[in-house]
Every structure is written in C-alpha cells, then in structure tokens.
Amino acid sequence: MALSQKTKETLLGPLNANNPVVVQVLGICSALAVTVQLKPALVMGVAVTIIVAMSNVIISLLRNTIPMRIRIIVQLVVVAALVTLVSEVLKAFAYDVAMQLSVYIGLIITNCILMGRLEAFAMTNKVWDSFLDGLGNGLGYAAILIIVAFFRELFGAGTLLGFRVIPESWYVANGGFYENCGMMMMPAMALIIVGGIIWAHRAINEEKK
Amino acid sequence: MFEGLYKLKEQLRPNFEEGGKLHAFWSLFDGFESFLFTPNTTGKRLGSQIHAGNDSKRTMIYVVLGLLAVLPYILVSYIVGLGIEFTVAQWKHEEIAEGFLVTGFLIPLIVPINTPLWMVAVATAFAVIFAKEVFGGTGYNIFNVALITRAFLFFAYPTHMTGDKAFIRTGSTWGWDGSHTLIDGFSGATPLTQLATGSSADVTFMDMVNGLIPGSVGETCVWAILLGAALLLITRTADWRIMFSIIVTGCITALLFNKFGAADNLVAQYPWYMHLVSGGFLFGAVFMATDPVTAARTDCGKWIYGALIGFMAVVVRVLNPGYPEGMMLAILLGNAVAPLIDWCVVQRNISQRAKRASALTAQRSNSESGLTSK
C-alpha cells in the first residue's frame, strides 16, 4: 500500500519535524519521571502510543455528535477509560513495570499530547487520518523517551534494559576506576538531556533548510 | 623581546587569515594575539552603561595571577575546557575568550584532591558546554562555570566529594607519594562534615587559618586566600562591596544562630569566627562570588547580592545536615538572582529620578502660575 503525501506527513511528521516533545515541548513531565531506566520508558511509550491512537479514533468517530460546549469532558472520559484499560492490562501482564511506573500510567490522562491531538486533529479529521496522527505522535513521544532513558540508564546505572553493559570490574568498589553518574538519576539531568536533544534536532533541521 | 614577539606574530598572521594555510586555527591565533597584545577596543561612548567596556581578557589575567597551582588537575581542566572553547570558537567564527583560564585554574582549587581526573574532565566538559557555551560563551554565562563543575561533581559522584577519604591525598601524583597510608583513628572528614554528623570538630582556629585541615586545595589556607584577596582588591579586579557584604552578613547570621539556634545543633553553636575560616566561605567570598560576569553589577545590587550569599551559606550549613558546606549553593543562588537584583536597582533609580523630575516641574509650574496670577 503506497502512502499518499498527506498520509505520510500525518504519520511521519511527528517523528521528526513536528515531534510532540522536542518541537511542541509537550509531555515533558512524564519524560522526566519515567526515564530513569529503559524498560519503564519503553512500556510508557507503547502505552501512550496505544492510548493516543485509540482515543483519536474514538473522538474522530464521535466528532460530529459531540456538542462543542462539553467536548473537553467527553474527551477526558474517553481518555480515562482507555488509560484504565491499559493500566489494568499492565497490572495483569507486567506487574513489576506497572509498579515502577506507579502513578504515571494514571497521569497519562493529563498528558498534554493527548488533549493536544484530540483538540487539534481528531475533532476535525477523518478516522483513518486521526489514527495515523495518533500513532505518529505516540511513536514520536516514545522515541524521545527511549533516547533519554538510554543515556540515563547507561550512565546512571551502567545497564541497558537491566543487562549490565559497563563491566562490574571497572567500578571503584571492585578495584577499577569507574563510578556511576548520580546526576543521571535526577530529573534535572533528564531535562538537560531533553535540552541537548532539542539542540541537536534544531541544528540538524536548520542545516536541511 | 616584546617587539620581537610582535614582529613574529605579524609574520605569522597571513597563514592564519582567510585563505591562509592554517586558517582552521584562526581562533587559536586570535586568542593568543589578543591575550598577549592588549586588545585595542574600548566601550562605545553612547549613553550610560552598567556593563563596562573593559575587556574581560585583561581583567581575567589578574585573577590567574592571584591563584596557586595543582598541576595534573590544571592540565586536565585546561585541556578539556580550552579544547571545547577553541572548537566552539572555530565553529561559530567567534574570537576566543580568556575567561576559561580563570575557570580552569579555579576548578582544581575547589575539588577534593582525591577526585579521579576523568571525573574532573567530565564535570568540566559539562560545565563549559551547559553553563557557558549554550548561553553564548564567556561574559554571557549566568552561573559561575567553576562552581557548576563542582556542583556537577557534588551531585553526580557524592561518594568522592564528601566523607572521610575525599580530602586526603592517598593516590600518587606523577608517580610520587603513592604510598601514603593513614594513621589509625585519623579522621579525614572536613571540620564541617564532622559537625554535621554530630561529632565536635577537633581543630583549633589557628589550624584553620594556617590551612592544616582537610579540605579542597584552595579553601583551607586563610593566609593564601587573604593574599589573593589583597591582589584582587589592589588591582580592582574584584569588588570590595561583595566580599565585605558576604563576610559581614555571614558573621551576623552565625551570631544569630548562636543566640537563637537549637542547643543540640553543633553547627548552630559554631562561633562566627570559625564559620569564617572553615570550608569554602572565604575562598567563595573572594574568588567565586566576585566573578564580574555572574555577580550583580550595580553598586547597591552588590551589597544585596553579597548579603544574600553570606546569609544563605550559613543557613544551609546550619539547617541542612545533608550539605555540610553551603557556600557553593549560596553563590549559585546569588548568581541566579543577580540579574533580578540589578533590574530592581535600576528600576528603582529610574522611578526615583522620574519622581524628582516631576516634583521639580510641578514646583516650577506652580511658581510660574503664581507669577502669572499676580
């Protein structure tokens, strides 16, 4: 299936040129909170992607029947229902990660990316386009989360997805020279990494222009 | 000799200019040129300015003269920091600034002597990139770069920055002195850490003044700091208002804690003269807080800025057992609010003048109307 130019833009735009985190600077709070390790960040990324895509589809289906005055409430109900579903699924099949993510799964309801996409896209576009838009935005968010978590877990704990990357024998405690960077464990460093990504992203896009 | 050097420089110049063989190293050439030969630009004669046109290069070199050395750390911090500076200068086609010569000198003086060199390198790189270059380089940084280096080390590698072993040299330098073992029962914690953990400090006032205590390289010997302070004050590189204000406020705060602080808090009961000579208080007041780029620039603002730092340093020491030394955090806080202080001072000045002017015109029109009514 060949994608038309517009479809391509809807799906792939949020991954780079119109990224929800580094260009629109939305969803920063959760990007700071769940990126200490790679695994929770991955799960969070997938959860948000599913919820944005699904809620976009549902709102797009209902878009002509929702009264304008109460549209925010309707949107919130749809998102809350989906978040509860995802939260229950996680508790059933990935209990450890669900515990690590704790309140942040519930807080997806308040994630600016969701409301932003529903208001800006799903309310005025057709179902298939809305689905692609949700998918693209969710993946764009997940991509940034994964990059941030990669650096934080690698330099903060010396592991990736729980597997040891930096050998134990390098550590000072075992007679080596290396020490984990405690700064990486702090939310402040996540903000600095996001800043660094924005910097690099702009520098690259600037060159293209 | 200087003439010869100048001629040599002029001979080499074409190589580095646009189109020359060595143009890639123009910023290096330019940096050394303006560093060795006085830059001949002055501030524009346009209105009044609170940011002096005095070139930072000339100011900064005096600060370098006011300090002492720890070789491997200086080498590491210079190579990493200047490497980044030269790269950015070349990339952005800017001229290189000497600000880092000071920063690179200060870093070794404020980190514990047992810090591994690679940690210093990482922290220096972080500070130069994120505290300085992203804000536009030397002269535009909001925070003192050397202090950001220390803050990064402090939060990233806390086990190396505090505790018993951090401040006593046990490793080897250039292959010498590697065999030091500590006597049983010797405590290597700094006096402030001892106090914060609840044991009384076992040092006298004179030990502190002479520098015979564990601590970072630059901060222990009061005589050396006073010497540096004298040089900075005589050359008018640093501002006496800031130093004076910090020290006086610090003493007053300490006295208040002595009077009203909890009796079981050892740091609160620490006498004011001990607060003054312990930890980084004097070093920070003399070399760190007075940094002309990050300090307040108005005279009145300098008093407020200094008072804030002196007060906060002692408050952090006393009230937060997690941070036995509050000077670093106090100065960083001072840096953060310095532009705000300046803004308020300038605004107040403007409104006062406006008030005076309007009062004057009102008076004049009154007397004029009085004349016409007659």
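In chain B, the axes of helix α11 (residues 222-234) and helix α14 (residues 281-288) come within 10 Å and cross at roughly 20 degrees. Because angles under 35 degrees count as roughly parallel, α11(B) and α14(B) are roughly parallel to each other. The model is predicted, and the predictor assigns the complex an ipTM of 0.77 and a pTM of 0.73.

**Packing of α11 and α14**

- The crossing of α11(B) past α14(B) is left-handed.
- On the α11(B) side, the contact is made by B:Val222, B:Ile225, B:Gly228, B:Ala229 and B:Leu232; their partners in α14(B) are B:Leu282, B:Phe283, B:Val286 and B:Phe287.
- The residues of this contact between α11(B) and α14(B) comprise eight nonpolar, one polar and no charged.

**Packing of α6 and α7**

- Helix α6 (residues 117-132) and helix α7 (residues 145-156), both of chain B, have axes that come within 8 Å and cross at roughly 130 degrees.
- That angle makes α6(B) oblique to α7(B).
- The crossing of α6(B) and α7(B) is right-handed.
- From α6(B), the residues B:Met119, B:Ala123, B:Thr124, B:Phe126, B:Ala127, B:Val128, B:Ala131 and B:Lys132 take part in the contact; in α7(B) they meet B:Val145, B:Ile148, B:Thr149, B:Phe152 and B:Leu153.
- By class, the residues of the contact of α6(B) with α7(B) are 10 nonpolar, two polar and one charged.

**The loop between α6 and α7**

- B:Gly139 is located in the loop between α6 and α7 of chain B.
- B:Gly139 counts as partly exposed because it has 14 C-beta neighbours inside 10 Å.
- A separation of 5.5 Å divides the C-alpha atoms of B:Gly139 and B:Val293, although these residues are 154 residues apart along the chain.

**Confidence in chain B**

- The mean pLDDT of chain B is 73, with 63% of its residues reaching 70 or more.
- Among the elements of chain B, helix α15 (residues 299-319) has the highest mean pLDDT (89) and helix α3 (residues 56-65) the lowest (50).
- Residues 65-69 of chain B stay under 50 in pLDDT, and the model has nine contacts beyond four places in sequence for them.
- The pLDDT is also below 50 over residues 168-188 of chain B, a stretch with 21 contacts in the model beyond near neighbours in sequence.
- Where pLDDT is low, predicted coordinates should not be read in detail.

Definitions and conventions: Residues numbered from 1 in each chain as written. Chains lettered and ligands numbered in written order. Predicted model: local features only at pLDDT ≥ 70, side-chain atom pairs only at ≥ 80, totals over all residues. Axes fitted to C-alpha atoms, helices over the stretch in contact; angles between N-to-C directions. Helix = DSSP H or I, 4+ residues; strand = E, 2+ residues; numbered from the N terminus. Parallel < 35°, antiparallel > 145°, perpendicular 65-115°, else oblique. Left-handed = near helix turned anticlockwise from the far one by under 90°. Contact = placed C-beta atoms within 7 Å. Nonpolar A, V, L, I, M, F, W, Y, C, P; charged D, E, K, R; others polar. Buried ≥ 20, exposed ≤ 12 C-beta atoms within 10 Å, placed from the backbone. pLDDT = per-residue confidence, 0-100.
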